[in-house]
Amino acid sequence: MSANTTPHRPVMDSRHGDCKDRQTSTTIMAENDTLECVTEHERILQEIESTDTACVGPTLRSIYDDQPNAHKRFMEKLDARIRNHDREIEKMCNFHHQGFVDAITELLKVRADSEKLMGQVTDTNRRLQHAGREVTSQTDEVIHCRLQQRNMVTTVEKLQLCLPVLEMYSKLKEQLESKRHYAALKTMEQLEKVYIPRVSQYRFCQIMAENLPRLREEIKEISMSDLKDFLESIRKHSDKVGEMAMRQAQKHRTFNSALTKQACLGHYTKPVYSVIGPTHAHIHNALMRDDDDVDDEDEDGTEEEADEEILMAHDLVDFSPVYRCLHIYTVLGNRETFENYYRKQRKKQARLVLQPQGNMHETVEGYTRYFNQIVGFFVVEDHILHATRGLVTRPFTDELWNMALSKIIAVLRTHSSYCDDPDLVLDLKNLIVIFADTLQGYGFPVNRLFDLLFEVRDQYNETLLKKWSLVFREIFELDNYSPIPVETEEEYKLVISRFPFHDAEIEKQDFPKKLPMSQSVPQIYTQVKEFIYASLKFSESLHRSSTEIDDMLRKSTNLLLTRTLNSCLQNHIKKPHIGLTELVQIIINTTHLEQACRYLEDFITNITNVSPETVHTTRLYGLSTFKDARHAAEGEIYTKLNQKIDEFIQLADYDWNMAESDGRASGYLMDLINFLRSTFQVFTHLPNNNNDHGSMSGKVAQTACMSACKHLSTSLMQMLLDTELKQISMGAIQQFNLDVIQCELFASSEPVPGFQGDTLQMAFIDLRQLLDLFLVWDWSTYLADYGQPTSKYLRVSPATALALLEKMKDTSKKNNIFSQFRKNERDKQKLIETVVKQLRSLVNLMSS
């Protein structure tokens, strides 16, 4: 032990010496540093001792850069410094060597004790290990049990955290299977925000969390599919909803009308509904009220009717899909997308609903189906508007209604123009009124629909006018144009109950008797009243004042009288088969119809309760209508009479070259005069009382007789002066004179009473003066008195005399070949030539 440690002692002493020397040298160097004058070598050594090894190079290089042999001196200085340090080290080692030896000795003593202690510890450890082996095994079991118990507690705790998640997920599956999608979304929200974050570290929760977005998309798709089914459903059921709503509106309107009538009769009760039309609350409440309310309101109604009254939109259409879809999209944050989709689809459906069928105008069922669909559409929209918040808004429904209203008006304006049945137009008007009242009750503006009704009213009046035109034509065709025979007082009362006829003289007459007008008069009067009733039907329920209704009735009646009836009369008068007798009866009929116009005005006044003295009251134009028809009939009488005269004249067969006359009038002219006598006899047989139609028939007869005589005179004059007639003999003139004499005798016989003096004979004065001029051959008097007011032949013009004289001149030349050898004949020819020259000069003078 000592051998081993001895060699190390010097080393320890040298180390101690080195440390001591280093401290001494350090002190010396510190002292040298304080000196201002040190040698260069001392400085270098100080740098070497104080500088890192890596920085010694430049210092050593400076040694060799100095004077020659400087490095040898430096080496000597360096050796001296080393020896100095060695001495210091040795001193330090010698100083600490004894303490080191003492420490080693004490350590050796401790070694023996430590080995003994080590043996004791090892033995104790062995005995302890043997004794604690059983305890260790039991402790391991306890530790294992404790670990299991802790794991079980941890597992229970984790399961308790996971069980709500699993229960909620199971609940979610059940909700999805039962299609409770809105509740499923709420469950998903709870899973995501509350339950899954508690156990998010588990894999199954991650799977659940990843599966939830997919389930949301499925719910969204399913709800959208339900919405599409809902839209299809309301499209199919909108007509039923509209039918129910319009039926309710019609019942309310009927109920209000009944209340109004009761109020007018003094049995007023408090109204349940508005008289003008059902409000939204009325219809809505009516559709939602229960059976007891229905029974209280209508005790006479059947149970089936009561069940029918309580039906409303959601009774016919299941709105739950749109509610669910709205809630689902709201929860998913896509409410705006859903609203836009719903509104877009409803706009498309609105356009489809507003498209009418091509043959809608043919039946009232077509219009009813069209209106029911539109009403159903807007009833559903109104229900959605009030049942949901924001799915549809009032501006949106107003936009839809304005678009629909423009389309409806255009469709009705087009299709109503195709209607030619007034009953169908009236049904259309009633449908429009119910349609407008129904939608007005739901808050939609319908003023434009009532404005449209004025256009439909014009169309209705046109169809009525066409219908009554056929009625009037049939009446005129079936009329016998003879006075109405009345056998008994009952028949008389029956006639005057249909037509306002009052004549004191006829009432005094005994039965049987005849009324002056024909059967068509009371029929036309009755039909005019029926027209007024038919026109009044359209004015009902239009919410117009009595003055406006009175004005509409009068205007439509004026159209009937001035256009329809007048046209039928004019056309009937001009028909070829209408004879003079029928025309005379038509004149009498129009007179009675004209007198009855004031009764028609009273009839309208009684209906509308508007005084005829009102400033803006329209007057009936029947007076002018029947006057025009009467004038047309009179003109037709004159025309037909003249045409008949022309037919007789066409039968004339004169021998214009005859030498002497037959001594009697022509047969055609006698037949014509007999015809005129019998015709004017018809006028004579007309009732000639002191009334208007009696004086009227006399005036017509006088005018007709004068017209016939003038036309006969003109026709006979044209026959003489016909350019086709080249020759006329004196015998023909004499025969023609006999016929004119018969005409004058007819005129003087007063075929129609009332003419004064020779008024009727004056129609033939032109012929008479012309014939007298040629028969008397009084040319000297004619030429001498020509142009004098007192001339005997004042009405014979030079042109007329010249034309007839030339025809006789040619006849004399051709028929008397040897007349030029006879002195009398030659004188006559010279006279004719002289007269012809003078007449031509007069004609030329007149023409110039």
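I started at phenylalanine 435, which is buried because its relative accessible area is 0% (buried means under 20%, exposed over 50%, partly exposed in between, with a 1.4 Å probe and protein chains only). This is a predicted model, so I kept in mind that local features need pLDDT of at least 70 and side-chain atom pairs count only at pLDDT 80 or more, while totals for chains, interfaces and linings use all residues. Residues are numbered from 1 along each chain as its sequence is written, and side-chain values use heavy atoms, with hydrogens and water left out.

**Aromatic pairs**

I searched the whole structure for aromatic pairs and got 29. Rings of Phe, Tyr and Trp (its six-membered ring) pair if their centres lie within 6.5 Å; planes under 30 degrees apart are stacked, over 60 edge-to-face, and the rest tilted.

I looked at phenylalanine 319 with tyrosine 323: the centres are 6.4 Å apart and the planes at 25 degrees, so this pair is stacked. Phenylalanine 319 comes out buried at 2% relative accessibility, whereas tyrosine 323 is partly exposed at 24%.

Next I checked tryptophan 401 against phenylalanine 435, a tilted pair at 6.4 Å centre to centre with 40 degrees between the planes. It links distant parts of the chain, 34 residues apart: tryptophan 401 is in helix 16 (residues 394-416) and phenylalanine 435 in helix 17 (residues 422-441). For helices I used DSSP runs of H or I, at least four residues, and for strands runs of E, at least two, numbered from the N terminus. Tryptophan 401 is buried too, with a relative accessible area of 0%.

**Charges over rings**

I also looked for charges over rings (NZ of Lys or CZ of Arg within 6 Å of the ring centre and within 35 degrees of the ring normal). Arginine 394 lies over the face of phenylalanine 444, 6.0 Å from the ring centre. Lysine 429 does this over phenylalanine 538, at 5.9 Å.

**Glutamine 570**

I looked up glutamine 570 in helix 22 (residues 546-573). Is it buried or exposed? Glutamine 570 counts as buried, at 18% relative accessibility. Leaving aside neighbours within four places in sequence, I see glutamine 570 in contact (heavy atoms within 4.5 Å) with Asp628, Ala629 and Ala632.

**Whole protein**

I noted 32 helices and two strands. Of the 848 residues, 41% count as buried. Among contacts between residues at least 6 apart in sequence, 78% join residues at least 24 apart.
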